[in-house]
Amino acid sequence: MKNEELEQALTALVEKKNKLATIDYNDAQYDDLEEAIHDEEDELLEKYGDFLEDILADVHDELCPDDDILLPTAYLANKYVKKEEDNTVTYHAAEGGVIVDVDEYPNHLTRLVLVPGPTRLMLQVGRQKEEEVWRLS
């Protein structure tokens, strides 16, 4: 598996998800864009699903062993914030991901989110805190 190819595939998917988040259901492009997203999610799972599932299993074992592991695409946010600085693009999840129960953060809403730029898994604790729990190296 080539890390750069995974990064590119994930970034392209996130860009489409961001575009979908900006248009209305009644927009003529909506259905086609949604279908393209599903196709790209299927391709991502076909090429990188096993690898990502292994990573998710390790993260779940460490942080939230009582929660079920879902398909890697479930960990994608519905919308991302894109930030560009010094010719570097990073993304941060704005909404979405998978809700998990993390013993370290009782009584907090916690989510695991797959994020590109660089490819990583983020643990969001409420709306104020975010921790990187895995990074593609």
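This is a predicted model: local features need pLDDT of at least 70, side-chain atom pairs count only at pLDDT 80 or more; totals for chains, interfaces and linings use all residues.

Biologist: Where is Thr 73 found, and why does it count as buried?
Modeller: Thr 73 is in the loop between H2 and E1. It counts as buried because its relative accessibility is 13%; buried means under 20% relative accessible area, exposed over 50%, and partly exposed in between, with a 1.4 Å probe and protein chains only.

Biologist: And Glu 62, buried or exposed?
Modeller: Glu 62 lies in helix H2 and counts as exposed, because its relative accessibility is 66%. Its C-alpha atom is separated by 9.3 Å from that of Val 102, 40 residues apart along the chain.

Biologist: Back up a bit. How many helices and strands are there in the chain?
Modeller: The chain has 2 helices and 6 strands, in the pattern α-α-β-β-β-β-β-β along the sequence. Helices (H or I, at least four residues) and strands (E, at least two) are DSSP runs, numbered from the N terminus.

Biologist: How do E1 and E2 pair?
Modeller: E1 and E2 pair in the antiparallel sense over 8 bridges. Two strands pair if DSSP finds at least two bridges between them. Lys 79 stands opposite Glu 95 in E2. The hairpin of these strands has 2 residues between them, and Asp 86 there takes a positive phi near 50°.

Biologist: What about the open sheet, in which order do its strands come?
Modeller: Its 4 strands are in the order E3-E4-E5-E6, with antiparallel pairing. E3 and E6 (129-135) are the edge strands, each pairing on one side only. The twist averages 30° from one strand to the next. E5 and E6 are joined by 6 bridges, and Arg 120 has Arg 135 in E6 as its bridge partner.

Biologist: Which strands does H2 lie across?
Modeller: H2 lies across E3, E4, E5 and E6, and runs at about 130° to E6. Axes are lines fitted to C-alpha atoms, for helices over the stretch in contact, and angles run from 0 to 180 degrees between N-to-C directions.

Biologist: Now the inside. How many residues has the largest nonpolar core?
Modeller: That core has 37 residues, and Tyr 80, Leu 112 and Leu 123 have the most contacts inside it. The largest share, 10 residues, comes from H2. A nonpolar core is a set of buried Ala, Val, Leu, Ile, Met, Phe, Trp, Tyr and Cys residues joined through side-chain atoms within 4.5 Å.

Biologist: What does Leu 123 touch, leaving out residues up to four places away in sequence?
Modeller: Among them are Leu 63, Val 100, Tyr 105, Leu 112 and Val 133.

Biologist: Last topic, overall size. What does the C-alpha trace span?
Modeller: Along its principal axes the C-alpha trace spans about 45 × 35 × 35 Å. Buried residues make up 40% of the 137 residues.

Definitions and conventions:
Residues are numbered from 1 along each chain as its sequence is written. Side-chain values use heavy atoms; hydrogens and water are left out. Contact means heavy atoms within 4.5 Å.
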